[in-house]
Amino acid sequence: RALEGDPGLRLMERLARKSGCDPVAALDMEPEYVKAILAPLGMLSHPILFITDHQRPEILERLLADPEIGPNIRLIPEEA
């Protein structure tokens, strides 16, 4: 939970300045971000295991709504 709220944003901004990476992409998990990681690896057609604490249900909703990766999302049950 250390990356939630303002402390997490400050940490991500500091890391982004040092690395040149987007400060919030890993927190928001937009479909384009996920595809940008998977495409070069040739993994867009493979299952995507989604593990969540349900704190940000909109992330799963966005990924499931994406026509390219949505069908590959596999939600890991809470009891797993």
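## Surroundings of Ile-69

Leaving aside neighbours within four places in sequence, the residues in contact with Ile-69 are Pro-31, Val-34, Lys-35, Leu-44, Ile-48 and Leu-63. The model is a predicted one. Ile-69 itself sits in the loop that runs between helix H4 (57–65) and strand E2 (73–75).

Is Ile-69 buried or exposed? Its relative accessibility is 0%, and buried means under 20%, so Ile-69 counts as buried.

## Surface patches

One is a patch of positive charge, where Arg-10, Arg-14, Arg-17 and Lys-18 gather. Arg-17 belongs to helix H1, which covers residues 5–19. The other patch is nonpolar, has an area of about 280 Å² and is made by Ile-37, Leu-41 and Met-43. Leu-41 lies in the loop between helix H3 (31–38) and strand E1 (48–50).

| Residue | Relative accessibility | Class |
|---|---|---|
| Ile-69 | 0% | buried |
| Arg-17 | 64% | exposed |
| Leu-41 | 57% | exposed |

The cut-off for exposed is over 50%. Arg-17 counts as exposed because its relative accessibility is 64%, and Leu-41 counts as exposed because its value is 57%.

## The chain as a whole

The chain holds four helices and two strands. Read from the N terminus, the order of these elements is α-α-α-β-α-β. The C-alpha trace spans about 35 × 30 × 20 Å along its principal axes.

Of the 80 residues in the chain, 24% are buried, and Ile-69 is one that counts as buried. Among contacts with a separation of 6 or more, 57% join residues 24 or more positions apart.

The chain exposes about 5800 Å², and 60% of this area is supplied by carbon and sulfur atoms. As for charge, there are 9 positive and 14 negative side chains. The centres of the two sets lie 8 Å apart.

Key:
Residues numbered from 1 in each chain as written. Predicted model: local features only at pLDDT ≥ 70, side-chain atom pairs only at ≥ 80, totals over all residues. Heavy atoms only, no water. Buried < 20%, exposed > 50% of the residue type's maximum accessible area, 1.4 Å probe, protein only. Contact = heavy atoms within 4.5 Å. Areas by Shrake-Rupley, 256 points an atom, 1.4 Å probe, with all protein chains shown as cover. Lys, Arg positive; Asp, Glu negative; His and termini not counted. Charge placed at Lys NZ, Arg CZ, Asp CG, Glu CD. Patch = residues over 30% accessible without salt bridge, like charges linked within 9 Å, V, L, I, M, F, W, Y side chains within 5 Å. Salt bridge = Lys/Arg side-chain N within 4 Å of Asp/Glu carboxyl O.
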